[in-house]
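This report describes selected features of a single chain.

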Amino acid sequence: MKYEKQNVVANPLQGSSGQSTNGGDPGLQLIVRGPTQEGANVSTAELVTRRRDLYHGSYRAAIKYSKEPGTCGALFWYKNETQEIDVELLSYEDKSSSSTSPVHFVLHSEGPSDHETPQLPFHPSEGFHEYRFDWSPGKVAYYVDGKHMKDLTKGVPEVPGSLILNHWSNGNGWTRGPPTSDVTMTVAYVKAYFNTGSKGFKAREECSSVCLVQDQYGPVLPNQETIFLTKPVAQRRPIADKAVNRHMAIVVLIPRVGGPGAAQSDTSMRFREPWYG
């Protein structure tokens, strides 16, 4: 498996036409290439935050996946192999014969992984949906489209790390790949509201209030305005208790591309350098 820059492709809307530049769904495309020959490396895609101090907070991404079998799409926080918080989708599990599809919530730790696989009432390949995890001391709460799905409490990390988006396949039993042709996962936005773990960072100064954000409820619709912070006081809801959020930094990683109210992309994420495994 090899992560390559050319497999991360921007596909914005063209003005108000409603059409994307490259055709298909607008957003950021993470592409797994079909192998060119037997035994060749599978060319895959990954983005990693430049910051390594992401700590307790709420992490969210709107993703439309593929049903072409043989890949894994993931939003996850990572420090090392024994400190990791995952949301994973497997394309071979998105079966048209079923009205539901599984999503994998995983905590990797030094002991046995805490792993839950609830069923989604939709197919991840049929539209954009928001996948989210809220990480607080001793617990990671998982949500899909604003609905609480599961809490995991075994081996919860207690150090800062990075946020990663990837789409990959290596031919093992987990992905049941590689795919026979190119497969695309499209990302509409990524939002991170988090406590920084950096000593001396100005966001660690005492704050008098909690950061309040608006939740996504239901599927992410085409051209939907992306809201990062709430304005009407009546709609505000804290993402966790005040003790968790007294020191907070906010990074918009990938705003929705082209829709009304869309912001400009910043440089908070970088392409992962080529990696073989």
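A residue counts as buried when its relative accessible area is under 20%, as exposed when that area is over 50%, and as partly exposed in between. The model is predicted, and local features are reported at a pLDDT of at least 70.

## Backbone geometry

Most residues other than glycine have a negative phi, and most peptide bonds are trans. Asp145 has a positive phi of about 50 degrees although it is not a glycine. Asp145 belongs to the loop between strand S13 (139-144) and strand S14 (147-152). Its relative accessible area is 11%, and because buried means under 20%, Asp145 is buried.

Arg176 also has a positive phi, near 55 degrees, and is a residue other than glycine. This arginine is placed in the loop between S15 and S16. With a relative accessibility of 56%, Arg176 counts as exposed.

The loop between strand S15 (162-168) and strand S16 (183-196) also holds Pro178. The peptide bond that leads from Gly177 to Pro178 is cis, and its omega is near 5 degrees.

How many of the seven residues of S15 are buried? Seven of the seven are, so the strand is largely enclosed by the rest of the structure. The burial applies to both faces of S15. On one side are Ser162, Ile164, Asn166 and Trp168, and on the other Leu163, Leu165 and His167.

S15 pairs with strand S4 (residues 43-49), to which four bridges join it, and the two run antiparallel. S15 also pairs with strand S6 (residues 72-80), again in the antiparallel sense, over seven bridges. Leu165 in S15 has Leu47 opposite, and Leu75 also stands opposite Leu165.

## Nonpolar cores

The largest nonpolar core contains 37 residues, and Phe133 and Tyr142 have the most contacts inside it. Another core, of six residues, lies apart from the largest one; among its members are Tyr3, Cys72, Leu90 and Trp168. Trp168 is also one of the buried residues of S15.

## Aromatic pairs

There are seven aromatic pairs in the model. One of them is formed by Tyr59 and Phe194, whose rings are stacked, with 6.3 Å centre to centre and 20 degrees between the planes. This pair links distant parts of the chain, with Tyr59 in strand S5 (residues 54-64) and Phe194 in strand S16, 135 residues apart. Are the two residues buried or exposed? Tyr59 has a relative accessibility of 0% and counts as buried, and Phe194 is buried with a relative accessible area of 0%.

Tyr59 and Phe194 belong to a cluster linked by ring pairs, together with Phe105, Phe133 and Tyr142. Phe133 and Tyr142 are also the residues with the most contacts inside the largest nonpolar core.

## Charges over rings

Notes
Residues numbered from 1 in each chain as written. Predicted model: local features only at pLDDT ≥ 70, side-chain atom pairs only at ≥ 80, totals over all residues. Heavy atoms only, no water. Core = buried A, V, L, I, M, F, W, Y, C linked by side-chain atoms within 4.5 Å. Buried < 20%, exposed > 50% of the residue type's maximum accessible area, 1.4 Å probe, protein only. Phe/Tyr/Trp six-rings, centres within 6.5 Å; stacked < 30°, edge-to-face > 60°. Pairing = 2+ DSSP bridges.
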